[in-house]
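Welcome! Open your viewer, switch to a cartoon view, and follow the stops below in order.

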Amino acid sequence: MKLFIDTADVQQVKEAWSWGIIDGVTTNPSHVAKTGRPAAAVFRDICAAADGPVSLETIGLTAPEIVAEGRELAKYHRNVVVKVPIIKEGLKAVKILAAEGIKTNVTVTFSPVQALLAAKCGATYISPFVGRLDAHAHNGMDLVRQIKTIYDNYGFKTEIIVAAVRHPVHVLEAALAGAHIATMNFDVLQQLYLHPLTDIVIAQFLKDWKSVPKE
Ligand code: E4P
């Protein structure tokens with residue numbers, strides 16, 4: 001299973017990459033806005049810091065706009081994946097970009113039939129937003145399981161990126177569901193390392209070690 005960091009903060013990308021567990025980066029317009037920097041500079045820096053797929057999001061709402069943006073974004077680096085919203089115009093653009101060999105991440109996905117359409121258009125990745133569904137009293141991980149079943153049933157190659165991850169249990173459930181990838185913010189990534197028993201046992205071992213006679 002691959003883990004992506006969901007951020008536009010280049011320092012976070014560099015730090016998380018140094019841990020050896022990160023396989024890619026996803027960004028979105030809100031993340032870029034938070035940096036306070038021009039998008040082009042952010043995109044260049046992230047592509048330089050990451051040795052894996054980097055999703056950069058389009059903002060156009062018509063297929064010609066999205067295709068034009070996607071072609072420009074793809075020029076930043078060979079690792080760029082063009083992130084496209086799951087609207088009719090977006091999926092028209094995905095079909096065109098896929099035919100040109102440009103990878104796409106179809107985002108803002110909330111239903112399994114939306115995901116079916118994205119796969120039919122040749123999406124490289126599909127991003128169901130589990131945390132946002134949970135926040136509205138749905139079970140976001142049910143959506144992931146349904147997409148997985150549909151893709152397996154028909155042999156679609158589109159990879160599932162579990163997105164809008166809020167806590168480690170989302171990562172656990174994504175792994176158990178067989179999702180290819182989970183993308184999450186820096187804080188959730190750090191939480192994956194933690195267990196209070198680990199700290200207690202290490203402290204006990206170090207304390208006991210002090211009583212071992214010196215040679
Ligand atoms: C993923 O690609 C998205 O950028 C991200 O997960 C969006 O989730 P959020 O804005 O609900 O955190």
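Begin by selecting residues 63–74, which form helix H4. Helix H4 lies across strand S3 (54–57) and strand S4 (80–85), and it runs at about 160° to S4. Helices here are DSSP runs of H or I with at least four residues, strands are runs of E with at least two, and both are numbered from the N terminus. The axes behind such angles are lines fitted to C-alpha atoms, for helices over the stretch in contact (heavy atoms within 4.5 Å). Angles run from 0 to 180 degrees between N-to-C directions.

A word on what you are viewing: this is a predicted model, in which local features need pLDDT of at least 70 and side-chain atom pairs count only at pLDDT 80 or more, while totals for chains, interfaces and linings use all residues. Residues are numbered from 1 along each chain as its sequence is written, and side-chain values use heavy atoms, with hydrogens and water left out.

Next, select residues 140–154, helix H8. Helix H8 lies across S5, S6 and strand S7 (159–162), running at about 175° to S7.

Now hide the helices and look at the strands. In what order do the eight strands close into a barrel? The order is S1-S2-S3-S4-S5-S6-S7-S8, with parallel pairing. Neighbouring strands of this sheet are turned by 30° against each other on average, direction ignored. Strands of a sheet pair through backbone hydrogen bonds, either parallel or antiparallel.

Show Asn105 and you will find it opposite Tyr125 in S6.

Then select the ligand. Which residues are around it? Among them are Asp6, Thr26, Asn28, Phe129, Arg132 and Thr183, each with a heavy atom within 4 Å of the ligand.

- Lys83: a polar side-chain atom lies 2.7 Å from an oxygen atom of the ligand.
- Ala164: a backbone N or O atom lies 2.7 Å from a ligand oxygen atom.
- Arg166: an N or O atom in the side chain is 2.7 Å from an oxygen atom of the ligand.

The protein covers 88% of the 340 Å² of accessible area (Shrake-Rupley method, 1.4 Å probe) that the ligand has on its own.

Finally, zoom out: the chain has eleven helices and eight strands.

Terms used:
Two strands pair if DSSP finds at least two bridges between them. A polar contact is a pair of N or O atoms within 3.5 Å; within protein, one must be able to donate a hydrogen and the other to accept it, and residues adjacent in sequence count only if both atoms are side-chain atoms.
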